[in-house]
Amino acid sequence: MFETLKNPPPDSLLALIKAFADDPRAGKIDLGVGVYRDDSGATPIMQAVKDAERILFEAQDTKSYLGPEGDMRFVAALQPLVFDKSTSHVTGIQTPGGSGALRLGAELITAARPGARVWVGTPTWPNHGPVFQSGGLTVCRYRFFDTKTQTILFDEMMAALSGAAQGDVVLLHGCCHNPTGADLDLDQWREVADLIARRGLFPFIDLAYQGLGRGLDEDVAGLRLVLDATDEALVAYSCDKNFALYRDRTGALFAQARTAAHAGAVFGSLAGLARVNWSMPPDHGAALVRIVLESPDLTRSWREELVSMCARIGDVRRALATLEPQLAFLDRQRGLFSNLALAPEQIDALRTRHAIYMAPSGRANLAGMRASDAGKFVAALADVGGLERAKAAVIAP
Ligand code: LMR
């Protein structure tokens, strides 16, 4: 049986976790996998989540099955963070993280429209393509961002989407674009929303960093324009980063449908697809998010901590931009990541000479950096010749 299998190359992002852990050098800097760290380099459990764990420990009296849809109180508590109260025919189910939501969404689309195409701007999260392909979609790519000038290629995006066929799926990053940190502004969101409505495209929004860009509401302002403009959409939600629940795999897939009957059919289909994938999602993280969001006190605590995490990322971005004018673009971008225009040899040299780890694409997880490491990082970039390429970005508008 197994003789036909080839060992696939390791996932480049996940390989960094091990390589960094194995590096004995003091002062090493991990800008690899997308995990928030505080200024001491730790990824703490949020206080509201810790408090919810205590409550759960005391109150939970069974671990019996909930069903393929998971914890529907969790789904209901999360929904208003994304959707306006006025949006009708919204349904959703709990998923194992945002990746589970993306995969389930792809399978739902394939069930509804076999052979559907999804338009994905590049660069994007390296797992988007493989997840969509595994879910049965045909992935069409267009250029979204130029790392040399650090600018969104909005005209190319609009041209590509103008060529999409009615019913084609459009992947949109809700906020904190992964890997570039470059989000559409509201005027651009409005143009994209109009185009989607005009051409009958189907938006699939990946929302994995709400609250870590500009704020909880600001981070969904753009995607709400799309949801307003169209009557059908999917939103893949991840609580990994904004509740710091990473390994607890906590997410949801929401669908906006045209009618209540459609929403009912979507819900049933999603539950059926979940059943044949993981049967039922892991409960712990969703129970914690539910407890936090159903408690005004814990919600306040969570929001405050999220604001301080977001502010720390902003501080790191500002520190780097201030130290090195060639990196000024970092302060215009949002969220965990920026995609530096570095050659593979420069990324290798950062690792071997300076113990600085980043993805082979040049993506840097700035939320992994201590503000006090900013000077060291800029000096290391200069040492490997990584600032020469950033010059082009300074003159870009
Ligand atoms: C990342 O982009 O680093 C994270 O979303 C982790 C992952 O699963 O790739």
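Buried here means under 20% relative accessible area, exposed means over 50%, and partly exposed lies in between (1.4 Å probe, protein chains only). By that scale L381 is buried, with a relative accessible area of 1%. Please keep in mind that this is a predicted model: local features need pLDDT of at least 70, side-chain atom pairs count only at pLDDT 80 or more, and totals for chains, interfaces and linings use all residues. Residues are numbered from 1 along each chain as its sequence is written, and side-chain values use heavy atoms, with hydrogens and water left out.

**Domains and their interface**

- The chain is assigned domain 1 (2-45 + 298-395) and domain 2 (59-295); these bounds come from an automatic or database domain assignment.
- The contact between them takes 29 residues from domain 1 and 33 residues from domain 2, where contact means heavy atoms within 4.5 Å.
- The C-alpha centres of domain 1 and domain 2 are 25 Å apart.
- Together, domain 1 and domain 2 bury about 2,600 Å², with 61% of it on carbon and sulfur atoms; buried area is the accessible area (1.4 Å probe) that two parts lose on being put together, summed over both.
- On the domain 1 side, W302, R334 and N339 lose the most area to domain 2, together 25% of what that side buries.
- Zero salt bridges are found by the rule across the interface of domain 1 and domain 2; the rule asks for a side-chain nitrogen of Lys or Arg within 4 Å of a carboxyl oxygen of Asp or Glu.

**Buried positions and helix packing**

- L381 sits in helix α13 (residues 374-383); helices (H or I, at least four residues) and strands (E, at least two) are DSSP runs, numbered from the N terminus.
- Leaving out residues up to four places away in sequence, L381 touches L327, L340, L342, L350, G386 and L387.
- The C-alpha atoms of L381 and A341 are separated by 11 Å, and the two residues are 40 apart along the chain.
- Helix α8 (residues 218-229) has D219, V220, G222, L223, R224, V226 and L227 buried.
- Those buried residues of α8 pack against α3 (72-82), β7 (169-173), α7 (186-199), β8 (202-207), β9 (233-238) and β10 (250-256).

**Salt bridges**

- The structure holds 23 salt bridges.
- One of them joins D168 to R117, with the closest N and O atoms 2.8 Å apart.
- This pair links distant parts of the chain, with D168 in the loop between α6 (154-162) and β7, and R117 in strand β3 (residues 117-122), 51 residues apart.
- D168 counts as buried because its relative accessibility is 6%, whereas R117 is partly exposed at 30%.
- R214 and D183 also meet through their side chains in a salt bridge (3.7 Å, N to O).
- Here R214 lies in the loop between β8 and α8 and D183 in the loop between β7 and α7, so the pair links distant parts of the chain, 31 residues apart.
- At 44% relative accessibility R214 counts as partly exposed, while D183 at 19% counts as buried.
- R258 forms a salt bridge with D231, the closest N and O atoms being 3.3 Å apart.
- R258 lies in the loop between β10 and α9 (260-277) and D231 in the loop between α8 and β9, so this bridge ties together parts that are 27 residues apart in sequence.
- Both ends are partly exposed, R258 at 44% relative accessibility and D231 at 36%.
- D231, E232 and R258 are linked in a network of salt bridges.

**Backbone features worth a look**

- The peptide bond from T122 to P123 is cis, with omega near 0°, and P123 lies in the loop between β3 and α5 (128-134).
- A cis peptide bond also runs from N178 to P179, with omega near 25°; P179 is in the loop between β7 and α7.
- H89, a residue other than glycine, has a positive phi near 60°; H89 is in the loop between α3 and β2 (90-96) and is partly exposed at 32% relative accessibility.
- A355 is not a glycine either, yet has a positive phi of about 55°; A355 lies in the loop between α12 (344-354) and β12 (356-358) and counts as buried at 3% relative accessibility.
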